[in-house]
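User: Please take a close look at one part of this model and its surroundings. Then place that part in the wider arrangement of the chain.

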Amino acid sequence: MPQRRDHLDALAIVLLVVCCLFWGFQQVLVKATLPEVAPLLQAAIRFMGATVLLWMWCRYRGVALFERDGTLLAGLLAGVLFCGEFVCIYVGLQHTTASRLTLFLYTSPFWVSLLLPLFVPTERLRAVQWTGLGLAFAAVAFALQDGLQVNNATGVIGLGDALALASGVLWALTTVVIRTTRLASISPEKLLYYQVAMSTVLLPFASSSLGEVWQFNLSAFAWGSLAIQTVAGAFASYLVWMWLLRHYPATRLGSFVFLTPVFAMVFGALWLGETVSALTLAALVAVAAGIVLVNKKA
């Protein structure tokens with residue numbers, strides 16, 4: 001088993017902030033590319049590319065991907081859960097607003113914090129850390145408040161919201177499977193390969209079954225967007241995330257993901273001209289405060 005830290009050090013914090021910053025940018029990039037490439041098809045293409053890049057990387061680094069180590073079933077399960085998360089996200093977007101979907105998706109850290117300590121007691125959060133998690137979530141909800149009110153005067157949870165909640169649960173279950181099985185002891189490269197390879201196999205079928213239009217006479221912008229999503233997103237940033245899961249407490253890592261939707265709002269304002277106010281920046285500060293509480297040492 002790899003040596004695990006019981007807290008996040010400076011390296012982990014820097015890597016997490018950079019990853020969340022990029023994931024926020026990628027959300028805007030995916031949205032800007034939708035007129036030319038449907039969402040599940042975008043995901044399928046980037047994971048296909050990431051699978052090839054990861055195989056080449058492992059060949060260069062001498063990382064074994066196909067040796068028998070008893071992780072196949074757990075790896076396939078993690079891959080199916082990972083793929084299912086994206087299907088729920090993109091199908092859910094057809095039935096609810098982006099803001100409501102984002103809020104339900106980012107319940108994932110709560111599910112991780114509830115489920116993972118049942119198997120790994122060292123991942124249990126203290127009261128002050130739960131307070132920090134709640135503060136970060138409330139800050140995201142506050143930043144998304146305008147979108148939460150659109151087309152939902154009754155507050156009833158519909159199909160889109162249910163799918164969004166399911167995506168958050170699937171994200172959490174992926175983390176739990178990784179931390180509680182032999183996957184915790186394998187290389188980050190092989191861990192990621194299970195997930196991107198399964199997504200490469202399954203997402204094209206999901207895209208086709210949902211009636212997404214496949215056309216590849218794309219603009220230079222669309223090809224550039226897919227390249228960035230593939231190289232920086234599905235390959236590099238996810239590989240960093242797998243490495244972090246292998247070495248640091250998952251419940252502490254999860255608190256940082258609340259930065260992603262706030263960063264996405266900032267990038268949406270800078271690039272797409274979407275509305276952002278001083279309240280959004282206040283939410284970013286509150287998320288940061290929540291992260292500090294979650295990672296507060298005893």
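A polar atom of the Ser199 side chain lies 2.9 Å from the backbone oxygen of Gln195. A polar contact is a pair of N or O atoms within 3.5 Å; within protein, one atom must be able to donate a hydrogen and the other to accept it, and residues adjacent in sequence count only if both are side-chain atoms. The model is predicted: local features need pLDDT of at least 70 and side-chain atom pairs pLDDT 80 or more, while totals for chains, interfaces and linings use all residues. Residues are numbered from 1 along each chain as its sequence is written, and side-chain values use heavy atoms, with hydrogens and water left out.

Ser199 sits in helix H9, residues 188-209. Helices (H or I, at least four residues) and strands (E, at least two) are DSSP runs numbered from the N terminus. Ser199 counts as buried because its relative accessibility is 0%; buried means under 20% relative accessible area, exposed over 50% and partly exposed in between, with a 1.4 Å probe and protein chains only. Setting aside residues up to four places away in sequence, Ser199 touches Phe47, Phe82, Cys83 and Pro204, where contact means heavy atoms within 4.5 Å.

Phe82 and Cys83 also belong to the H3 side of the contact between H3 and H9. The axes of these two helices come within 8 Å and cross at roughly 45°. Axes are lines fitted to C-alpha atoms, for helices over the stretch in contact, and angles run from 0 to 180 degrees between N-to-C directions. H3 and H9 are therefore oblique to each other; under 35 degrees counts as roughly parallel, over 145 as roughly antiparallel, 65 to 115 as roughly perpendicular and the rest as oblique. On the H9 side, the contributors include Gln195 and Ser199, along with Tyr194 and Met198. The contact of H3 with H9 divides into 12 nonpolar, four polar and no charged residues. Here Ala, Val, Leu, Ile, Met, Phe, Trp, Tyr, Cys and Pro count as nonpolar, Asp, Glu, Lys and Arg as charged, and the others, Gly among them, as polar.

Phe47, another residue touched by Ser199, is part of the contact between H2 and H3. H2 (residues 39-61) and H3 (residues 72-92) pack at about 155°, with axes 9 Å apart, and are therefore roughly antiparallel to each other. H2 passes H3 in a right-handed crossing. Pro39, Leu40, Ala43, Arg46 and Phe47 of H2 meet Phe82, Phe86, Val87 and Tyr90 of H3. By class, the contact of H2 with H3 has eight nonpolar, no polar and one charged residues.

As for the whole chain, it has 13 helices and zero strands. Buried residues make up 53% of its 298 residues. Among contacts between residues at least 6 apart in sequence, 88% join residues at least 24 apart.

Conventions: A crossing is left-handed if the near helix is turned anticlockwise from the far one by less than a right angle, and right-handed if clockwise.
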